[in-house]
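Try each task before you read its solution.

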Amino acid sequence: NPISVLEAMNEDPCFLRNTKLPYFVRVNKSGKKEERISVDVNDVCITDNNDVYFTDRKNKSISRLSPSGLVSPVFSTDPLQPIGICQTKDGGLLITLGDNESNLYQPNSDSRRLVRHVTLTGDVIREYEYQEDGQTRLFTVPLKVTQNGNTDICVINRTSGSSGKLVILSFCGSLKSVYPEQNQRKELNLTDVVCDSYSYIIVSETSKSTVHFLSPDGKFMRYLLTENQVIHPTAISLKLSTLWIGDYQGLVKVFQYNLPLLC
């Protein structure tokens with residue numbers, strides 16, 4: 001089944017989950033399962049201190065996994081369901097959230113679809129939900145989120161069951177860019193995003209079996225991987241020089257990542 005959660009600790013091991021499992025596991029590069037955590041998660045993040053935070057889908061909360069394997073709730077997101085999670089440069093968390101009351105891909109005036117910046121204990125710092133006019137939604141279904149080294153916030157926004165785009169916001173909340181351009185958005189199905197140490201952006205695209213390498217401002221530069229290396233990638237994780245790619249059939253590949261030649 002499709003890999004939906006993929007998050008590496010340093011270069012090894014890695015937490016992962018597929019779409020059918022009611023739990024997630026920790027595996028090493030050789031594929032050996034080291035731990036099973038009985039929580040139905042939407043996403044996992046590893047902080048700089050190697051603390052493990054994750055979005056608990058069933059209980060609508062953010063929980064933490066201790067080094068001994070103990071799961072403890074940290075704060076609630078109820079009534080909203082938490083989806084994606086990442087650490088911020090200021091030591092907090094970014095969480096993507098959505099309601100369950102309205103149509104998934106057709107939010108109405110009462111729908112909530114947002115990214116929330118919080119402290120590690122859940123105190124709200126800022127919410128990103130609308131463009132600067134206060135009326136135009138930024139997101140349909142905000143899925144995965146990461147903060148780039150230049151502080152920009154990169155969000156995979158699902159627009160249908162077979163399409164997704166990358167929304168890039170400044171840390172103050174202004175919309176900077178959307179990838180791909182308008183005329184390509186129905187053709188591409190972006191599923192996950194990471195950024196490297198030079199603030200370049202890497203996104204997985206499952207329909208055409210490609211991984212795209214973008215400039216820090218979200219402009220296409222080249223294909224990092226194509227269908228010769230990956231088939232329908234659904235999740236990615238980058239730690240130091242190790243790039244993990246999970247695909248639609250449940251396979252995970254591990255690559256050595258080097259900054260591509262840009263000339």
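**Exercise 1: the second largest pocket**

The second largest pocket has a volume of about 790 Å³. The model is a predicted one: local features need pLDDT of at least 70, side-chain atom pairs count only at pLDDT 80 or more, and totals for chains, interfaces and linings use all residues. Residues are numbered from 1 along each chain as its sequence is written, and side-chain values use heavy atoms, without hydrogens and water.

Task: find which residues are the closest to the centre of the second largest pocket, and which elements line it.

Solution. 
- Step 1. A pocket is an open set of points on a 1 Å grid over the protein atoms alone, with protein on both sides within 12 Å along at least five of seven lines; lining residues have an atom within 4 Å of a point. The volume is the space filled by probe spheres set on the points, which are joined across faces, edges and corners.
- Step 2. The lining has 26 residues, and Ser4, Thr19, Tyr105, Leu143 and Arg158 are the closest to the centre.
- Step 3. List the elements. E1, E9 and E13 each give two or more residues to this lining. E13 gives the most, with three residues. Strands (E, at least two residues) are DSSP runs, numbered from the N terminus.
- Step 4. Sort by class. The lining divides into eight nonpolar, twelve polar and six charged residues. Here Ala, Val, Leu, Ile, Met, Phe, Trp, Tyr, Cys and Pro count as nonpolar, Asp, Glu, Lys and Arg as charged, and the others, Gly among them, as polar.

**Exercise 2: the largest pocket**

Task: describe the lining of the largest pocket.

Solution. 
- Step 1. Take the volume: about 940 Å³ for the largest pocket.
- Step 2. Lys89, Thr146, Cys195, Leu238 and Lys239 are the closest to it, out of 37 lining residues.
- Step 3. Name the strands. Those giving two or more residues are E1 (3-8), E5 (41-46), E9 (81-87), E13 (141-147), E17 (190-195) and E21 (233-239).
- Step 4. Sort by class. The lining has 17 nonpolar, twelve polar and eight charged residues.

**Exercise 3: the cavity**

Task: how many cavities of 30 Å³ or more does a search of the whole structure find?

Solution. 
- Step 1. A cavity is a set of grid points where a 1.4 Å probe fits but cannot get out.
- Step 2. Count. The search finds one. The largest cavity has a volume of about 40 Å³.
- Step 3. Read its lining: Gln229, Val230, Ile231, Ile245, Gly246, Asp247, Leu251 and Lys253. Strand E22 (residues 242-247) gives the largest share, three residues.

**Exercise 4: a salt bridge between strands**

Task: which parts does the pair of Arg116 and Glu127 tie together?

Solution. 
- Step 1. A salt bridge is a side-chain nitrogen of Lys or Arg within 4 Å of a carboxyl oxygen of Asp or Glu. The structure holds 14 of them.
- Step 2. Check the pair. The closest N and O atoms of Arg116 and Glu127 are 2.7 Å apart.
- Step 3. Arg116 lies in strand E11 (residues 113-118) and Glu127 in strand E12 (residues 124-128), so the pair ties together parts eleven residues apart in sequence.
- Step 4. Arg116 is buried, at 15% relative accessible area. Glu127 is partly exposed, at 34%. Buried means under 20%, exposed over 50%, and partly exposed in between (1.4 Å probe, protein chains only).
- Step 5. Widen the view. Salt bridges that share partners join Arg112, Arg116, Glu127, Glu129 and Arg137 into one network.

How values were computed:
Helices (H or I, at least four residues) and strands (E, at least two) are DSSP runs, numbered from the N terminus.
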